[in-house]
Amino acid sequence: MLLGGNGAGKSSTFEMLSGMSEPTSGNVYVMGKSIRTDMPEIRKMMGYVPQVNLMYDQITVFQHLELVCALRGMKFKKANYAELLDDLDMTKKLSTKASNLSGGQQRKLALLMAMVGGTRILFLDEVTSGVDPDSRKKFWQVIRKHREGRIIVCTSK
């Protein structure tokens, strides 16, 4: 858990660790790889859920998952993730465009995108932000259930 008050730099740290922004100095190693020189390799094994939903409105849930897997150098196979899709109640949403998902469903898609494709480390920045209490509980159950073989670093409200 990465803790700190508002403005402490938790989100900025995640942005640097994920390669979304560049550090002004220093270096960090993620799974033995430098964020300065090895970011393409890091991204293949890392999933990141930022505070805001970053997705393409006009493509489907399935297409998002295919895209993320392709960026990690593999093919998305629904059968490999059937349990995760079911756990997040997203199986029936695979053909739905991101723009037609509720806010909570978009957060679920963000978590799915972080967890597919062989990710070994997850950075979850307020992953349950904006979801109702029942959904929040469900998110943490799913994260706990699918944590084996992963390092999970998170912030939470």
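A residue is called exposed when its relative accessible area is over 50%, buried when that area is under 20%, and partly exposed in between. The exercises below apply this to a predicted model.

**Exercise 1. Decide which residues of helix H6 are buried and which are exposed, and find how the buried ones are arranged.**

Step 1. Start with the length. H6 has 13 residues, which at 1.5 Å a residue should span 18 Å. The end C-alpha atoms of H6 are 18 Å apart, which agrees.

Step 2. List the buried residues: Ser135, Phe139, Trp140, Val142 and Ile143.

Step 3. Look down the axis of H6. The buried residues fall within an arc of 160°, so they line one face of the helix.

Step 4. Turn to the other side of H6, where Pro133, Asp134 and Lys137 are exposed.

Step 5. Find what covers the buried residues of H6. The cover includes H4, H5, S4 and S5.

Step 6. Inspect the start of H6. There a side-chain oxygen of Asp132 comes to within 3.1 Å of the backbone nitrogen of Asp134.

**Exercise 2. Work out the strand order of the open sheet and the sense of its pairing.**

Step 1. Take S3 and S4. These strands are joined by four bridges and pair in the parallel sense. Val49 has Leu124 of S4 as its bridge partner.

Step 2. Take S4 and S5. They run parallel, with five bridges between them. Here Ile121 has Ile151 of S5 as its bridge partner.

Step 3. The open sheet has three strands in the order S3-S4-S5, with parallel pairing. S3 and S5 (151-155) are the edge strands, since each pairs on one side only. On average, neighbouring strands of this sheet are turned by 10° against each other, direction ignored.

Step 4. Check the side chains of S3. Met46 and Tyr48 point one way, Gly47 and Val49 point the other way, and all are buried.

**Exercise 3. Find which strands helix H1 touches and which of its residues are buried.**

Step 1. Place the helix on the sheet. H1 (residues 10-18) packs on the sheet of Exercise 2 and touches S3, S4 and S5. The direction of H1 makes about 145° with that of S3.

Step 2. Name the buried residues of H1: Lys10, Phe14, Leu17 and Ser18. They cover an arc of only 90° around the axis, which puts them on the same side of H1.

Step 3. Identify the packing partners. The buried residues of H1 pack against S1, helix H2 (39-45), S3, S4 and S5.

Step 4. Follow one residue. Ser18 has a relative accessible area of 4%, and a residue under 20% counts as buried, so Ser18 is buried. Neighbours within four places in sequence aside, Ser18 is in contact with Met39, Arg43, Met46 and Tyr48.

Step 5. Look just past the helix, where Gly19 takes a positive phi of about 85°.

**Exercise 4. Determine how far helix H5 is enclosed and what covers its buried residues.**

Step 1. Compare lengths. The 13 residues of H5 (residues 103-115) should span 18 Å at 1.5 Å a residue, and the end C-alpha atoms are 19 Å apart, which agrees.

Step 2. Use the count of buried residues. In H5, 11 of the 13 residues are buried, so the helix is largely enclosed by the rest of the structure. Among them are Gln105, Arg107, Lys108, Leu112 and Met115.

Step 3. List the cover. It includes strand S3 (46-49), helix H3 (61-71), helix H4 (82-87), strand S4 (121-125) and helix H6 (133-145).

Step 4. Relate H5 to the sheet. H5 lies across S3 and S4 and runs at about 165° to S3.

Step 5. Note what follows H5: Gly117, with a positive phi near 85°.

**Exercise 5. Classify Met31 and Glu126 as buried, partly exposed or exposed.**

Step 1. Locate the residues. Met31 is in the loop between strand S1 (29-30) and strand S2 (33-34), while Glu126 is in the loop between S4 and H6.

Step 2. Read the backbone angles. Met31 has a positive phi near 55° and is not a glycine. Glu126, also a residue other than glycine, has a positive phi of about 50°.

Step 3. Apply the cut-offs. The relative accessible area of Met31 is 33%, so Met31 is partly exposed. Glu126, at 11%, is buried.

Methods. Residues are numbered from 1 along each chain as its sequence is written. This is a predicted model: local features need pLDDT of at least 70, side-chain atom pairs count only at pLDDT 80 or more; totals for chains, interfaces and linings use all residues. Side-chain values use heavy atoms; hydrogens and water are left out. Helices (H or I, at least four residues) and strands (E, at least two) are DSSP runs, numbered from the N terminus. The expected span of a helix is 1.5 Å times one less than its number of residues. Buried means under 20% relative accessible area, exposed over 50%, partly exposed in between (1.4 Å probe, protein chains only). Contact means heavy atoms within 4.5 Å. Two strands pair if DSSP finds at least two bridges between them. Axes are lines fitted to C-alpha atoms, for helices over the stretch in contact, and angles run from 0 to 180 degrees between N-to-C directions. The arc is that of the directions from the helix axis to the C-beta atoms. A polar contact is a pair of N or O atoms within 3.5 Å; within protein, one must be able to donate a hydrogen and the other to accept it, and residues adjacent in sequence count only if both atoms are side-chain atoms.
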